[in-house]
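I opened a new structure and kept notes as I went. The entries are in the order in which I looked things up.

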Amino acid sequence: MSDTRERLLDAAEALYAARGVDAVSLREILQEAGARNATAVQYHFGDRAGVLRAIFARHAPDVEARRHALLDAYEDGERGVRPLAAALVRPPAARLADPSGRAYLQIWADVVNRPNPLVPVAVLDDPSGAVAGETGRSSPQTKTDSLCRWRALVEPLMEEDAARLHRRFTAVLYASIELARRARSGPRTDDRLFTSHLVDVVAAILGAPVSPETRRLAAERDAARR
């Protein structure tokens, strides 16, 4: 991998994390990296979405491996909502120990917390339920992406209305925002309490009952749509 490409990625990570993805131009990334070729960013990444994909690809192997290991443990017998909440939170939380990882967490939250993400991300909450099989067990297709596999395993533990109201996406979004906030506050000597508490809160989000009021309002909305 070329030194120029790595310097461009380092510059993009730092700038996107510090200022937000929308506030940084490709020219600024070029200047921050000290690249002399005016088209270096386009050559290596194509456009801003390409830069983001490359940043995520830097961190995906570690996050994916950690989450799949936790999901393997779950499928081998460790049951309940909290282990699945931990499988969502702990893999990215491990990136808090690394400066590049902290930048990644802030960028990931920026990309996910939008009506239309800047780059395609894993199927976080497919309303059709097509990702999960009838048993909720992960299939070979879903296992390739740990978030798709995670959402398939969570579904059988949720109330039907909670799944229909995109509770899994709420959990993903909350976790990403909290991890970004922690990353932004700087390196800490110990993230264990923060991580454990975040797992607790995500488990509560996933397992909370749907209130009668929410059921009624959801039914009224569905009737109006029909």
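The entries below go from the whole chain to single residues.

**Entry 1, ground rules.** This is a predicted model, in which local features need pLDDT of at least 70 and side-chain atom pairs count only at pLDDT 80 or more, while totals for chains, interfaces and linings use all residues. Residues are numbered from 1 along each chain as its sequence is written, and side-chain values use heavy atoms, with hydrogens and water left out.

I looked up pLDDT, the predictor's confidence in each residue, from 0 to 100. Its mean over the chain is 88, and 88% of the residues reach 70 or more. Over residues 123-143 the value is below 50, yet this stretch has 40 contacts in the model beyond near neighbours in sequence. A contact means heavy atoms within 4.5 Å. Where pLDDT is low, the predicted coordinates should not be read in detail.

I found 12 helices and zero strands. Both are DSSP runs numbered from the N terminus: helices are H or I with at least four residues, strands E with at least two. Of the 226 residues, 46% count as buried, meaning under 20% relative accessible area, with exposed over 50% and partly exposed in between (1.4 Å probe, protein chains only).

A nonpolar core is a set of buried Ala, Val, Leu, Ile, Met, Phe, Trp, Tyr and Cys residues joined through side-chain atoms within 4.5 Å. The largest one has 60 residues, and Leu-8, Tyr-16, Ile-29, Trp-150 and Val-202 have the most contacts inside it. Helix α4 gives the largest share of this core, nine residues. Leaving aside neighbours within four places in sequence, I listed the contacts of Leu-8, among them Ile-29, Leu-30, Val-41 and Phe-45.

How do α1 and α4 pack? The axes of α1 (residues 3-19) and α4 (residues 48-75) are 10 Å apart, at an angle of about 95°. The two are therefore roughly perpendicular to each other, a label for angles of 65 to 115 degrees. Residues making the contact include Leu-9 and Tyr-16 of α1, and Leu-52 and Ile-55 of α4.

Is Thr-195 buried or exposed? Thr-195 lies in helix α11 (residues 192-207) and is buried, with a relative accessible area of 7%. Not counting residues up to four places away in sequence, Thr-195 touches Val-89, Arg-90 and Ala-93. His-166 sits in the loop between α9 (160-164) and α10 (167-184). I noted a positive phi of about 65° for His-166, although this residue is not a glycine. His-166 is partly exposed, with a relative accessible area of 32%.

Methods: Axes fitted to C-alpha atoms, helices over the stretch in contact; angles between N-to-C directions. Parallel < 35°, antiparallel > 145°, perpendicular 65-115°, else oblique.
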